[in-house]
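Subject: Structure for you to look at

Hello,

Here is the structure I said I would pass on. Please open it and keep it beside this email while you read.

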Amino acid sequence: MDLTELENIVTKEAADRKPCEIRCCIAAGCLSANSNDVLSTLRTAVEDSGMADRVNVVGVGCMRLCSQGPLVGVDIDGPLYCRVTTDNASSIVATLNGGQGEAETFEREDPFFAKQTSLILKNCGCIDPERIESYIATGGYRALHQALFELAPSDVIETVTRSGLRGRGGAGYPTGVKWATVAKNSGERRFVVCNADEGDPGAFMNRSVLESDPHRVLEGMAIAGFAIGANQGYIYVRGEYTLAIERLNKAIKQAGRMGLLGTGVFSSPFDFRIDVRIGAGAFVCGEETALMASIMGQRGTPTPRPPYPAEHGLWGMPTLLNNVETFANVPDIIRNGAEWFAEIGTPQSTGTKVFCLTGNVVHNGLVEVPLGTPLRTIVEEIGGGVPNGGQIKAVQTGGPSGGCIPQEHLDSPVDYESLGKIGSIMGSGGMIVMDDQTDMVDVARYFMEFCMDESCGKCIPCRAGTVQMKQLLSRIVDGSANRADLERLEKLCDMVSRTSLCGLGQTAPNPTVSTLRYFRDEYESRLIDSTTAKANSNGATCQ
Amino acid sequence: MVNQQTSKQTAGHPSGDKRFKLLEVAMKRHQYRHDALIEVLHKAQELFGYLEDDLLYFVSKRLKLPPSRVYGVATFYHFFTLKPKGRHSCVVCTGTACFVKGADELLECVRDEIGISPGETTGDGGVSLLTARCIGACGNAPVVVYDEEIVGHQTNEDIRSQVKGWTIGSDGA
């Protein structure tokens, strides 16, 4: 494969394109609403109406408005039909001949779409995720070519550094700095690992990207491999994501066949192989040292850092670990330049971020906005607020490691620093809206139970502390706790977050701490007889 | 070379169960590497449905790993199950979005209808009830997976009639 051949594919794709394209979402959300049958109905309808020569029906990745699936779009700017059924799917085809569409439509001018900025999700819902040609037609693999033939590895790292890209897994570590550290550490081999073990409940950004545009991630990984001098990459995907795994494997095969991965990428001396590793359902494996243990076929238990993976990672070699979304940003940064990327977002948090907006909100789905966008814009304008005129009570971000942001802080910009200040974290991108009916103590208990179940058991603060905290929270929910219990809970939160071995334990108390900070009255109102409880608690402290 | 390969492949298991041969092929593809243990267990569960002791011993022998290591890994990950599953499975997603939209009630309905809690199987081996951390179809919460098919927007009535249908079906059969 060389540049001319790559361009030939682009030309051929453009020439083969039929005047009209009907896109049907076949990503997980819509699949769960029966979109596969809708897709075949559409295909049959096009055949039957004799329009097969000018209308192409294609199954695409996520079209974002997941709650209203199955979604069917006519061309990129044509009508977007939602809640399409096998009964009314053929009427969509009929509209191309002047017929009347029976399915509901969703305005593309609606703030849900109009307020979004698409970089990572640019191809999602537009290209066929199962055909590499479809990705190449959008300019895919050009950045990899550019990196290999026009840039030195250090230039690539420098570009990524200047772009200001920060890790999208949640912690926000500067990506360029991480790459430079791995590149300068010596080792027989180096590895690139993509963390696609999206474990936060209520988050499915990585899944959508992998299902809808897998090549973007592969290209980003290959560029990273070139930059740090690695020849082997691993993508660690959750076992639950069967469709993503299937599409990734297909994508890796296609890229290998075209000489874009494997031995001699673009016929250059650079070799890069990518293997998929399937997780087996352990939340702790999202933690980098646990993830690496799992790739090496062991129990996913974390190890203390330092040494960091950048110096002592897989099989003791320097290893670069980034999230799916981080890699997905790379091809565009190389192609359009660091300055282009740095202009999006805020000076400290550049670029865009994909969020999964779910819970008690009108428009559930995938949302991509520049960093620094106020939370209110995301929840009220893009998301359309709480259904039936309800009130927003809190927005939960960052999953079990994050916190609940109360209604009064909705105007805070969404970036790494601002969310930290109000007691939550950016996290990987889950954003769950809770209305005024939500019981915040129960929410805290839910997350604590999650961390308790997922604790790997290696260190005592996390293993025993989460059990104790969950029991205390359960007693508060049941109304059988006293003030001393609440104090004990607060002490435990502090102790567990300070003394746990890895991120899981260190952040496990976060949801409890943040709900205590903003919704303390919900806790206190449930304590049994607060005056006697107070006396007891004084007694308890004297012991 | 070819002969050696065949002899190793046909080694299989004393029981003569052909699935062991398929498992052997998978291990061979990974060159019996210790770090392929999780991949091998995935394959084993895919073939046998669950990981019984005999199967874990087989894997430990062939990969030359201590049984404790194989057992340790198999019990660490939620995905691996050491007990047989029912003929039908009902997996209720308990992710945050589903939690907010009443996944707990769905579980309660199943308990009420056929008397099993998460992780349990009905006495006749008909239906297993499981929970999942997050299916990733949060837009359609609450979500339930009935026999591998993800179905969104589930109501209490939906899940009741589905599990009831299964138990009646098995009675008839």
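Please bear in mind that this is a predicted model. In chain A, helix α14 (residues 324–336) lies across strands β6 (191–196) and β9. The helix runs at about 95 degrees to β9(A).

Those two strands belong to an open sheet of 4 strands in chain A, with the order β8-β7-β6-β9 and parallel pairing. Which strands stand at the edges? They are β8 (273–278) and β9 (319–323) of chain A. Each has a single partner strand, so one side of each is left without a neighbour in the sheet. On average, and with direction ignored, neighbouring strands of this sheet are turned by 20 degrees against each other.

At one end of that order, strand β7 (residues 232–237) of chain A is joined to β8(A) by 6 bridges, and the two run parallel. In this pair, A:Ile235 stands opposite A:Val276 of β8(A).

Now to chain B. Two packed helices are described by the angle between their axes and the distance between the axes. For helix α2 (residues 18–29) and helix α4 (residues 53–62) of chain B, the angle is about 35 degrees and the axes are 11 Å apart. The crossing of α2(B) and α4(B) is right-handed.

Which residues meet there? From α2(B) they are B:Phe20, B:Leu23, B:Glu24 and B:Met27. From α4(B) they are B:Asp54, B:Leu55, B:Phe58, B:Val59 and B:Arg62. By class, this contact of α2(B) with α4(B) has 6 nonpolar and 3 charged residues, and no polar ones.

Regards

How values were computed
Residues numbered from 1 in each chain as written. Chains lettered and ligands numbered in written order. Predicted model: local features only at pLDDT ≥ 70, side-chain atom pairs only at ≥ 80, totals over all residues. Heavy atoms only, no water. Axes fitted to C-alpha atoms, helices over the stretch in contact; angles between N-to-C directions. Left-handed = near helix turned anticlockwise from the far one by under 90°. Contact = heavy atoms within 4.5 Å. Nonpolar A, V, L, I, M, F, W, Y, C, P; charged D, E, K, R; others polar. Pairing = 2+ DSSP bridges.
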